Amino acid sequence: MPPLLRGSYRRFVLALAHRVVLGAGPRWSAGGSSCARDSPLGAEELRGELDRFGGVSVRLGRLDALDRLDPVAFQRALQAAVQKWRSEGRVAVWLHIPILQSRFIAPAASLGFCFHHAESDSSMLSLWLGDGPSRLPGYATHQVGVAGAVFDENTRKILVVQDRNKLKNMWKFPGGLSEPGEDIGDTAVREVFEETGIKSEFRSLLSIRQQHTHPGAFGKSDMYIICRLKPYSFTINFCQRECLKCEWMNLSDLVKTKNTTPITSRVARLLLYGYKEGFDKIDLTMEELPAVYTGLFYKLYHKKLPDNYKTMTGMD
């Protein structure tokens, strides 16, 4: 059996976390006999949909029979289904359990299932059926924070805030965590407006910081992205629940002050360089391109590529 590609399977798993399409097996009809309605759950009713990597996915919320099933009977049915899938050469089982059906977690765990990840209303368990140690990818390991460096080229001023309830109130760029499915630039624009009342538009990506074992990310890794934004409103109306201060500061003053964070100081110098030498020297611009998955697109960030290089086919 060919080994799974972790990268490809990882992308599949992340999509699976938000939407698992399943064949839930036969459902009982309202007009069936009482004998049929009381029949024990069988392995065939735990039939899930196969994925292109040889795994099988089962969403328990789609099975009406579970409403009358106790954990012991569920364990027997799941054990029979696992034996069937193993004999068919399946490599993994993904078991989606709604929070109100959490009584089925322990029976699944007794058969070797492990937690893969959890959402607010459900958990996903997995079981490796292939040879050797599990080659299933882990769930998301990073949280993504985005800040907006709103720079007015006409006045050479930059928008900065001081967070409330921090031990050290240093000047920084407004920002926050990206929402699921939210583009980086949209996060920066939204967070800037929520914290300061300033409206802006995305121009480029300036920097990416990766930090592991982040205290604010439950010990996981953190990606912190700073974007260059252009303002199109200038009257500050900052959120006093989140910010202690907010002001338009001369970029040169932000470069010189010691009352700021190291990353803010570095990006301020980057902006000063871009202002003096041209923002094309520092900007990572965005282009939307079609994905290999039909009907999907992605955002690609890189230094601007001249048009003639977009169609060039060789070194000459």
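Ala, Val, Leu, Ile, Met, Phe, Trp, Tyr, Cys and Pro count as nonpolar here, Asp, Glu, Lys and Arg as charged, and the others, Gly among them, as polar. By that scheme, the lining of the second largest pocket divides into 7 nonpolar, 9 polar and 8 charged residues. The model is predicted. Its mean pLDDT is 85.

**Confidence**
- A pLDDT of 70 or more is reached by 84% of the residues.
- Residues 1-8 have pLDDT below 50, and the model gives this stretch 15 contacts beyond near neighbours in sequence.
- Residues 16-39 also fall below 50, with 44 contacts beyond near neighbours in sequence.
- Where pLDDT is low, the predicted coordinates should not be read in detail.

**Overall fold**
- The protein has 316 residues, and 40% of them count as buried.
- Its secondary structure comprises 8 helices and 14 strands.
- Among contacts with a separation of 6 or more, 64% join residues 24 or more positions apart.
- The accessible surface is about 18,200 Å². Carbon and sulfur atoms account for 54% of that surface.

**Second largest pocket**
- This pocket holds about 670 Å³ of space.
- Its lining consists of 24 residues.
- Asp163, Lys166, Lys172, Arg209 and Tyr224 lie nearest the pocket centre.

Technical notes. Residues are numbered from 1 along each chain as its sequence is written. This is a predicted model: local features need pLDDT of at least 70, side-chain atom pairs count only at pLDDT 80 or more; totals for chains, interfaces and linings use all residues. Side-chain values use heavy atoms; hydrogens and water are left out. pLDDT is the predictor's confidence in each residue, from 0 to 100. Contact means heavy atoms within 4.5 Å. On a 1 Å grid over the protein atoms alone, a cavity is a set of points where a 1.4 Å probe fits but cannot get out, and a pocket is an open set with protein on both sides within 12 Å along at least five of seven lines; lining residues have an atom within 4 Å of a point. Grid points are joined across faces, edges and corners, and a volume is the space filled by probe spheres set on the points. Helices (H or I, at least four residues) and strands (E, at least two) are DSSP runs, numbered from the N terminus. Buried means under 20% relative accessible area, exposed over 50%, partly exposed in between (1.4 Å probe, protein chains only). Accessible areas come from the Shrake-Rupley method with a 1.4 Å probe; for residues, only the protein chains shown count as cover.
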